[in-house]
Structures are given as structure tokens and as C-alpha cells.
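This briefing describes a structure for a reader who has not seen it before. It goes through pockets, cavities and chain contacts in turn.

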Amino acid sequence: MAGLELLSDQGFRIDGRRSHELRKIQCRLGVFKQADGSAYIEQGNTKVLAAVYGPHEVKGSRAKMLQDKVLVNCQYSMATFSTGERKRRPRGDRKSTEMTMHLKQTFDAAIITNLYPRSQIDIYVEVLQSDGGNYCASVNAATLALIDAGIPLKDYVCACSAGFVNDTPIVDISYLEESGGGPELIVTILPKSEQIVFLEQNSRLHEDNLSKVLDVASKGCKDIYAILDRAVRDHVSKVSNVANTTE
Amino acid sequence: MPLDSRRICGPESTQSPHIFTVNKDIKSDILLNGERKDGRKLDQIRPLFLRPGLISQAKGSAYIEQNHTKVICAVYGPREVMRKEDFSMKGQLTCEFKFATFSCKKKRQHQQDAEEKDLSVQLLEALEPAVQLDKFPKAQVNVYITVLQNDGIALAASITCASLALADAGIEMYDIVVGSSARIHGDVMLVDPSEEEEYRSQDCKDVNEGKVVIGLMPSINQISALTSKGEIDFETISQAIKTCIQTCQKVYPVLQNALVNSVKTKT
Amino acid sequence: MADVNYSEAEKTFILHGIQDKFPCREDGRGCEDYRHMEIETGVVSNTSGSARLRLANTDILVGVKAELGVPSPEKPDSGCIEFFVDCSANATPEFEGRGGEELATEISTVLSRCYDNSGCLDLKSLCIIPKQQCWILYIDVLLLECGGNLFDAASIGVKAALYNTRIPNVTVNQEDDEMEIELSDDPYDVNRLDISSSPCIVTLSKIGHYHVVDASQKEEACCLARLMMGVTAKGTISALKKEGWGSLNPESIFDMMETGKKIGQVLNTSLLNVLEEEEKSGNKRKTVGFLK
């Protein structure tokens, strides 16, 4: 991209981060009272809310019901004001449908689905403000919401993106870096077993560099895992403290 | 708004030529020397023509004409609820309000637009309290309203017309709902406004410009619909509601008469 | 509406509570009390103005985006406002897909009716070149959790977001016959909207023989008919709408309107106070958003 240096000679990115640095992550569990589980996450300027309902009876058509495992139902939508230019519809467009599908696949792999046959778990993700890495933030928020809802997971699900600029892999890329046209790798892993549950790459990247970028992205996922884990522990201890004092 | 692909529609972005005609004397004031343009008194309603039971296929129907406002309504049912999800032990009422494409100054689309959907809901809420829904459990009654020509207060005329059609269909009701409307213009109140007199937000600059529509069940003295538009003083709006109630009371015997006559001719 | 099925006994309990006029409502409020409300503006940086409102369990996020467009031929010398309401599935699974659309259009029509008059918001100031260019304000309301009284909450959120809205200054340069619009780069060179006469909706729910404001979800389930009023700070009424499947006695309508007007004026002034208070704390204020 002309005139825009994604990585300066000193090794700084546009927003002042170094190549291996994540954006600031802030999160909170239990945002809503009515949902069975909910969470909010801010990754830099990307803000995502997730709510989980269930497990409950299968809603709508019975044909969707699975005999041996739970049906994971996702919906990804973006607030109409979340992007720079106003979106006309919050959901239903191609991109959101694709995102919904990706989320479903991701969580199908992470939830211990055989525990709840013939039931349904709803995961609703709402992007309030988008600044790159929407999918990653959505996955991280949904993980927290699932934990808040007490749904058994194989492990935390952590997602992180990475790009490749000037022969250097950069982690957790923002909207500006995404739109630069460089390669983008999105990885979702289960950090403990180091299994990859979702992997997507856009644009061209030389094979030799793939493992480098993948390593950086996985490292990002593990860093995110540490942050999420701390948030969950904080939340649980706070909740149990409140429970103790009221007793 | 998704367009109907099965019909050949005109270009999407056409405008009615009426918008561009600069007719200052209409815009400037709706009253001419303190009198209404069609020569009516302020509280005088337009002559009312009512005709129940004119659509033979429908269970019940009615036609109303107030000068150039012409509305036709057909009622079908009670009939089985089609969608399984809509099942309920109480009867259901549905309303579909539609301006005929040629009915207004600007051309209407074949499909319901947002305004028509809103009017459908308002009409439904006006009629629902009057209909004894528990008399036809697990079934529904469909009301279809078509405005053939709109010369003001389409909603009020539709309320009257629809309740007449419901009565004609033999649907049990607590009372007939009578619709009426008033235009508030500064200190004066114009009952039963025509299209020219109706409230449009872009022409008005002051407070106390607006309109009120009510639906009244006269014999049990209950208001089933009430909507207003425009910024109006509290006292003025209360007065307008009272005036509308009086108008409804005045029209009520006419409706009763029309129904009785239609029954007589049937037998 | 996000319906929850309550048993007859529970409904009767609520009904009796209100009828007995003893501390009255299930949560101990009086008939004319609002629940706890929290408001924060400027929560979404991608917008021209935004606000988040939490009224007990009702959670609403409003974003205002100002975009350049062509004025409608009916109003060539003023800008436009467009309301869009989205009921997020976060609120209840029933809103998934297109499930929330009905409620959403209902809210947006009431809102646009409230603002559909020249007094409530000065749309003329949004015009840049008559017949050619104007600001279009897209007011997007996102419903995140519903705990009753959505209409009031939405209108308060909209008013707060409009207060927070900053529209960049534009200068029009005329070159020969060409008009050229220049947008100011300075983030502080902005115009604000005057919302002093914008309305708030007050919904009065008729439960039994009495009416209450700010009905909770439970109370809404018991309510036969409600009256929505758009009330401005001056006490004028910008919109009126009866809703629900019951009907109302004319006398009780006048009673309800009286209450609504009184409450609406107080609501408007206290909202403005809160917004001004927040404004005073200026840049030092840290936006918390959903992190609290």
C-alpha cells in the first residue's frame, strides 16, 4: 500500500505496537442477567458481545435435532454502526453467514457435544465496533460466554490473527493492517492440547513463511489464553466471594 | 424495500410531479379567511356513504365513501390457522392494510411499504378490543382493507369500514368501532380533514400543528385506538380527543342504520 | 415482544399489588417511579454520537452516524433522520434471524413519529446545499437485553446519543457553477445538535384500574392496554399511541395523559442534567462501556 508503512524500520507498527505485541484486551463475564451466559471483550478497538442460551430443547424444526449430540446454533451479527461506513443490515449478508458458519464449526469442535443429545445451545455474537480481527474477538467472547454459562468445553478456544509484512510476521492485525492487502492468517486453537480447530488464510504467502506466521499466531492464541484464563478466575472468585458474604 | 420481481415496475427512483409544483396558497394556509376550502364548517364532517355486504365471495364486507376518500374492506373467516406456530386458544385477528397503487397523489408500490405495515398494526389494535376473540378459538379472522382513493383520514375511515365489515360477517363483537380524526391547526380544530388539510410535518413550523385519530366504541364508551402526530399542547390535544369522541357519537347512528338496512335487504 | 409465560397466580399477585396501592408494585416502586437507570455517551468510536442506556435489565445501545446525502424532494431545504432498530438475538433466542423484526419496526415507527415534526429537532440546520446536499442522520438502536419498557428506554437512548452527536463542519465553495463541499479535518471543529426540545417517550401501562410507568417485563405481561406519549421538556405532546389488545375509557386516557405529561417533563430535565454533568467531566472521564 502506497504511502502507508505498516512496519517502520524501527520495528513499530502504525498503532505503535511491536510485531509480536497483542492489542490491549479487556473483558468481562456475566454482562447480562437474562442470558445463561454472556461476555464482553475489547481487543483494541474491536468490541464484541456474546450471549449463550442453553442447552435447551431444540427450537423450530425437529429435523434439525441431532440424536447423538447437541446442536450448536450460532448467529453472528454486526451492529449497523459498528463499521466506518454504515452497514445496511446487521446480518443476513454473505460475510455474516460465512462467519456464522465458521463459528459453528469452531465450537462444534470445542464443546463436549455428546453430553447433551437432542438439545440445542445458542451462541449469539454481536460486534459493536469493528477494527479488524472480528472473528478472533467473536471466538474469544463466545468462549467466555460459554464458560459463564457453564457449558463443558474441551478447552478454552482462543483465536488470533497474524499478518506478514517486510519479512516479519505481525500478530493480532488491526483493520488498517488487514486492508493493506497482505496475507492474513487466522488460527483458532485449543491451547492446552495445541490442537488447531480453525485455520484460514487469505491472500498469497510463500510456503516457507507459513510456519513462521503460524507460530506467531499460535503464540498469540496462547497469550490470549492466559488473559482469558485470568479473567475467568477473577470472575469466579468475585462471584464466590459475593456468595460467601451473603450467606 | 425489496421490489416485486414478478411485476414490471417503473423505475425505482421516480417522483410525483406534484412535489415540484409550487402551489404557495395551498401550503401557506389550510384555511381561507377562516373557512375551510371545501366550504364546510370547522366541525362539519363530510357526507358519509356506507354499504355493507357488497363483496359476494367474502364472509363480510363493507364500503365507505366520504367525498373522495373511498375504502373497501373484506373479511374472511373464522378459518383454520395455517401456520402451526400461530396456534392459540384465543381467536386471532389479522389485518392487511393496502393503499391501491393509484389511490394517492404519489404512486404506491404493489407490496406493502413501511407506512402501510404501520397502519395495519394500528388498525388491528383498533379492532382487537371490539372483537370477541374467545368465540372462535384456534381459528383466525382475516381483514383486508384496500384504500381506493385517499382524500384524507384513510385510517379513520378504514377503522369504521372494517368494523362494519366484521359486523356484516357475523363476527361477534362488543361494539362497532367508529373512527374519526381531527386536524389541529393553531387554535382551530378541523374535524374530518381532507387530504389537503391533513398534517404534513414539512409544511408546519409551529407548535400546535398535528392530527389525532381515534377509534371509539360508542355504546360502551371505550377508546380502542388513539394516535397523534405533530407537536401539540396538552390542553389542545385533550380537546381534540373530546371533539373526536363527539364526532364518533354523531356517526354511530348512521352506522347502525346502514347495518340494519343491509340485514333487512338480505332477508 | 419477548414473551415469558407467567402463571395466572403470578399475574393476579402483580395485579393485586397495584390495586392495593400498598407499596404497590412487585419491586416496591410507586406507580410513577422509574427503575434505576444508567447512561453513558460516546461508547462507540466509529459513530458520530452514541449512547448506552441500561434501565434495570433493559440494555440499549444507540449509534448515530451522519452521512452526506441528497435531501428528499418533499423537504429540499432540510436534512433527514432515519431510525433503524435491531433486536439482537443476545436479548432472547426468539429474535434470531428475522424474529425480532416485528418489534423492531414497531419501535422505529413510534420513534420516527415522535421526531416527525419541525419542533423536536432542527433538521433545517442539517441542510448544506438546498436540493443537493444534506446530512442524513442514521439513528441505529440496538436492543441487547429486554427487561420491559423498551420504548421509553429507546427514546432516552436516542436523545442521549443525539446529545453526544458531533457533525463535522462543512464549508461550501462555489466555483463557477460547481459547488464544492469541504469537510473540516479538525475533530474539534464540529456542530452539535440542539436536543432541548426533543421528546422522550413515556409509556403508561394500564394494569387493573390503575396505570403505572416503566412497567417491568412481568407487569407488561399483565397489561391490557398502554399509552405511549412522546413528551417534550415544554410539556407538549409530539406523539400519542395506544397499544395492546385492550381498550381504554376516555376518562382514564385523560388521567394517563396527565401523568405522562408530568413524568415526561421531569424525565426530560433530569436526563439533560445527567448528560450535562457527564459532559462537564470532559476528557478525564474514562468510558467504561460494558466493562463494569
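**Pocket, cavity and interfaces**

Within the lining of the second largest pocket, α5(C) gives the largest share, three residues. This is a predicted model, in which local features need pLDDT of at least 70, side-chain atom pairs count only at pLDDT 80 or more, and totals for chains, interfaces and linings use all residues. Residues are numbered from 1 along each chain as its sequence is written, chains are lettered from A and ligands numbered from 1 in the order in which they are written, and side-chain values use heavy atoms, with hydrogens and water left out.

**Second largest pocket**

- The volume of the second largest pocket is about 1,100 Å³; a pocket is an open set of points on a 1 Å grid over the protein atoms alone, with protein on both sides within 12 Å along at least five of seven lines, and lining residues have an atom within 4 Å of a point.
- A volume is the space filled by probe spheres set on the points, which are joined across faces, edges and corners.
- The lining has 41 residues, and those closest to the pocket centre are Gly42(C), Ser45(C), Asn164(C), Arg285(C) and Thr287(C).
- At least two lining residues each come from β2 (37-43) of chain A and from β2 (49-55), α3 (150-164), β7 (166-168), β10 (190-192) and α5 (250-280) of chain C; helices (H or I, at least four residues) and strands (E, at least two) are DSSP runs, numbered from the N terminus.
- By residue class the lining holds 15 nonpolar, 15 polar and 11 charged residues; Ala, Val, Leu, Ile, Met, Phe, Trp, Tyr, Cys and Pro count as nonpolar, Asp, Glu, Lys and Arg as charged, and the others, Gly among them, as polar.

**Cavities**

- There are five cavities of 30 Å³ or more, a cavity being a set of grid points where a 1.4 Å probe fits but cannot get out.
- The largest cavity holds about 120 Å³ of space.
- Of its 16 lining residues, Gln66(B), Thr160(B), Gly179(B), Ser180(B) and Val251(B) are the closest to the centre.
- β8(B) supplies four residues of this lining, the largest share.
- The lining of the largest cavity divides into nine nonpolar, six polar and one charged residue.

**Chain C with chain A**

- The contact (heavy atoms within 4.5 Å) involves 35 residues of chain C and 34 residues of chain A.
- About 3,000 Å² is buried between the two chains, with carbon and sulfur atoms giving 50%; buried area is the accessible area (1.4 Å probe) that two parts lose on being put together, summed over both.
- On the chain C side, Asn90(C), Phe290(C) and Leu291(C) lose the most area to chain A, together 23% of what that side buries.
- Two salt bridges are counted between chain C and chain A, each a side-chain nitrogen of Lys or Arg within 4 Å of a carboxyl oxygen of Asp or Glu.
- Asp140(C) and Arg86(A) form a salt bridge, with the closest N and O atoms 2.7 Å apart.

**Chain C with chain B**

- Here 36 residues of chain C are in contact with 37 residues of chain B.
- Chain C and chain B bury about 3,200 Å² between them, 56% of it on carbon and sulfur atoms.
- Four salt bridges cross the interface of chain C and chain B.
- Glu125(B) and Lys241(C) meet in a salt bridge through their side chains, at 3.9 Å from N to O.
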